[in-house]
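Biologist: I'd like to go through a few helices and a chain contact with you. Could you put the model up?

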Amino acid sequence: MPAPEQRRIIFKHIDEPGYTNDLACYLRNGGYEILKKSVQRKPEELIDEVKKSGLRGRGGAGFPCGVKWTLVDRKSGKPIYLVVNADESEPGTFKDRYIIHQDPHQLIEGIMITCFANNVKLAYIYIRGEFPEGARILEKAIAEARAANFCGPDILGTGYGCEIHVHRGAGAYICGEETGLIESLEGKRPYPRIKPPYFPAVLGLYQCPTIVNNVETLCHVKYIADIGGDAYAKIGTPNNTGTRILCVSGHVQRPGYYEYEVGKITMGQLLNEVCGGPLPGRKFKAVIPGGSSAKILRFGETFNLKNKDGSTRTLTVEDIPMDFDTLAACGTMGGSGGVIVMDDSVSMVEALGNINEFYAHESCGQCTPCREGSLWMKKITRRMVHDEARAEDGALLKSVADQIAGRTICAFGEACAWPTQSFVQKFGDEFKDYAAEKKAENDDSLELV
Amino acid sequence: MIAPPKPDLITVNIDGREIAVPKGTNVIEAARQLGIEVPHYCYHPKLSVVGNCRMCLVEMGMPAVDPATKAPITDPATGRQKINWIPRPAIGCATNASPGLHIRTTTPLVKDCREGVMEFLLINHPLDCPICDQAGECQLQEHATGYGRGYSRFIERKNVKPKRTLLGPRVMLDDERCILCSRCIRFSKEIAHDDVLGFIDRGSYSTLTCYPGKKLENNYSLNTVDICPVGALTSTDFRFKMRVWFLKQTDSIDAESSVGCNTVVWSREGVIYRITPRRNDGVNDTWMPDSGRELYKQVRVDNRLVSVKVNGADSSLDIAINAAAQLLKEGAAAVVGSGRSSVEEQFLTKKLADALSAPAWLVSRVGQGDGILLSADRNPNVRGALVTGLIKELPSVQLTALGAKIDAGEIKTIVAIGEDLAAAGLTAAQIEKVRVIYLGTHASATSVAAAVVLPTLTPFEKSGTFINQQFRLQKFHQAVPGRLGATDDLVVFAKLVAAAGGPALPGDIHALWPALAAEIPSFAAITFANLPATGLVLDSSPWSGLPFVEGPTLHYQPAAAAATP
């Protein structure tokens, strides 16, 4: 089956010749019209549209956006904050930065609609420290929007006011975790909070109810406010509505970002047709479907899934539709949409070593299993790669990872354990034979001398 | 009359046993009441909950109800309501009791969680127990023994961190031993209000440190050493001095102010090595000031009074008592009692003053209160003098009125108990004019000038009671013996009372208490033995109008402040 056409909603103007990130260009393309319409509606109506749309968060967890908004404590009498998570730091993910760089007003419009719907008077964009240009662009865009009354004390003459501030991170992956982000925003070390009791919807920023949404999610909100929740729910597949941006990197002919209706394209179509297949003379070996913390899929493995009617179907990796639910049923996740492809030139031990280096470096160090476990796993894979590997190291790695997942304060525990668990589970032989292979390789090189 | 509201009790089930606990109790505390230990490091009952050590992971479940009808679902196997167990373990410290909460602490999952956390905590720990001061009272040792696997799978290199960082004058940090529980950080911020500690770097390389240019030098810094579950924070005073398992623990009271922090005195073979706080939720929680921990140093110093003296020459107790009696028989005596004496001694001082028909005085000591555990009244037992009737009004800092009486020739002999009369405002000429019978622990201008010197004991060398600012009667016990051949203070006091013509009273604390209980209404039915370890709050209403000098402390509100809502 040929791959479907891209459906560019969020990325409509990305890379469009002549399209610039200033307000004038955005207005020429119909910008802020949806905001103008939205502020004439009742806020509850807008929340209802988002609920009906079935929009799921695009940051990684895929939590339904409407439900998140419903959970917000509106009776506390405290102000409600919106925090825009622009700390796009999951390795393999590069979607939000294009929105910020090329179409920042789209994000600001989405933010303002969300703020209006939730009676938010103050919004923060928490942008990762490695995006200095993005921060400058956003500052400029906010100033433009403020000058044109799209944000500020009296938006479009309605009397409703809302300010947006850009806050730059200082370079830590954990600041993408929502409660870590909130701590960082408050000026503290980004130690994720324990939940319960610190659910952002109740006790978030400055202990006030807070909505934390991803950049891409808020852009979808703008689109939903335009076409309505019911129309949006028809895009994509049931429970996996809308479009999502897939960021493909690694060993394919045409890596890049592609926007498709959720679940309408399979992994095989994406990699083989859209991305042009493997590099010449190579075969796909494995793929991580949702950013580096998602569990890896091995080409050649199959998945027996239950259908709704009770029957079963068998899927290969190529058959998996790129949605939230099927990827979860296959033991991994859609995550942040970062698809990392590896071909048969890759050593899984070394690839895992790379991932483990990252997570050991990024563990905040607050709770024991992640702090000690992530570094231990890194030390093991580093020793395997650069020093002496042992046949039992694979099993040890898995056991260490098992002691982390599910036992930490935040989801980083799973993020750092899942790669190790899945690499060892799916490529166990490679870990077992790594010592012997390396020895053989070294013996070869000796002969050359 | 409205009955006081009953505390909200919530029944939870832990390992199959039910217990009713007040609302807000967490699983660790609820389990503790059942005698079930939930091991933990970062949780401390008096600090905020952060849940970072993950040692207290337990299995949690709630009774199953039908989602539609909310009717309980019964488990056919047991006939009881089915429990939905949550597959993901929860931390006991942040899980508060809720109706029907079920907890399991003995399942394979919980065992595995604890083994995992223990292994993680130990892989980068230096395991230098043989040279570590914490050994013997180290939770890492205890929980490794109780809940660890007993072997290590770690063959990589351990992290290297600073081994000897002086955080302040009294606290030394070994970062390699630190398990990053953040108790010390939370204590400094929440209790001492001196937010100088924090972590730098991240992951397993996180390092405890002091804010640049600052020191951990507040008067509560040593509490961080107490609450450190491992040997990361050690006391520069106690470090490398003694193994804790050789030390004898004696319950005592911090005598430096009217707060009366409950303490433990740690001694071996008659030598005190350290003082630590003893938990009393009504007084000092689990804290005490650093200054109170130094008090033991006054026990073995060169200027201790060690021998009975009459007119400057060494003598014996009976001869000295006789000499004192001769002086007192001449009349015109005055008694200067002490707010540092125990209740029992003040009772006997009162008897002495009554026997002599002499006026009694007390010397006030006032310092700066810190609002935590050091009050403005630096006498531990002024209220004891009120309750025993030794004084009727609050003492002043200077004995000016007594000086005037001396100048007027009304006073010829002064019995000074522990107070240096010169320091209390009498001039050298005034002291010259009277004869002094001095009972005290350390040499002073008064002891040099005294006609009779009767050496006494420090609170570490005797037993007794103090009444603190809350009118809480608290007892302290003898931790170490006094100097060789020393007579107990109560014996000396009792002999002096008898010699002055007063009643014959026992010089033993247990034998003396029936007399106190009989004579003083506040002490009715109290004996030294039955006084609880955490003290007994007495009725303070007879003295409620007095202008006490103390401001608020941790568990004390001045009457004036308490009255205004």
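Biologist: How are H7(B) and H13(B) set to each other?

Modeller: This is a predicted model, where local features need pLDDT of at least 70, side-chain atom pairs count only at pLDDT 80 or more, and totals for chains, interfaces and linings use all residues. Residues are numbered from 1 along each chain as its sequence is written, with chains lettered from A and ligands numbered from 1 in the order in which they are written. Helix H7 (residues 317-329) and helix H13 (residues 489-499) of chain B pack at about 40°, with axes 9 Å apart (axes are lines fitted to C-alpha atoms over the stretch in contact, and angles run from 0 to 180 degrees between N-to-C directions). Angles under 35 degrees count as roughly parallel, over 145 as roughly antiparallel, 65 to 115 as roughly perpendicular and the rest as oblique, so H7(B) and H13(B) are oblique.

Biologist: And which residues of H13(B) does H7(B) meet?

Modeller: Contact here means C-beta atoms, placed from the backbone, within 7 Å. From H7(B) come B:Leu317, B:Ile321, B:Asn322, B:Ala324 and B:Ala325, and on H13(B) they meet B:Val492, B:Lys495, B:Leu496 and B:Ala499.

Biologist: Now H8(B): is it oblique or roughly parallel to H13(B)?

Modeller: Helix H8 (residues 343-356) of chain B packs on H13(B) at about 10°, with their axes 9 Å apart. H8(B) and H13(B) are therefore roughly parallel.

Biologist: How many nonpolar residues does the contact of H8(B) with H13(B) have?

Modeller: H8(B) puts in residues including B:Leu348 and B:Leu352, and H13(B) has B:Phe493 and B:Val497 among its own. Sorting by class (Ala, Val, Leu, Ile, Met, Phe, Trp, Tyr, Cys and Pro nonpolar; Asp, Glu, Lys and Arg charged; the others, Gly among them, polar), there are four charged residues and no polar ones, and the nonpolar count is eight.

Biologist: Over to chain A. How many residues of H10(A) are buried?

Modeller: H10 (residues 215-227) of chain A has 13 residues and reaches 19 Å between its first and last C-alpha, close to the expected 18 Å. Buried means 20 or more other C-beta atoms within 10 Å of a residue's own. A:Leu218 and A:Tyr223 are among those that qualify, and the total for the helix is 11 of 13.

Biologist: Which element gives the most to the side of chain A that touches chain B?

Modeller: The contact takes 27 residues from chain A and 24 from chain B. On the chain A side, the elements giving two or more residues are H14 (348-362) and H15 (368-386). With 11 residues, the one that gives the most is H15(A).

How values were computed
Helices (H or I, at least four residues) and strands (E, at least two) are DSSP runs, numbered from the N terminus. The expected span of a helix is 1.5 Å times one less than its number of residues. A residue is buried if 20 or more other C-beta atoms lie within 10 Å of its own, exposed if 12 or fewer, and partly exposed in between; C-beta atoms are placed from the backbone. Two residues are in contact if their C-beta atoms, placed from the backbone, lie within 7 Å.
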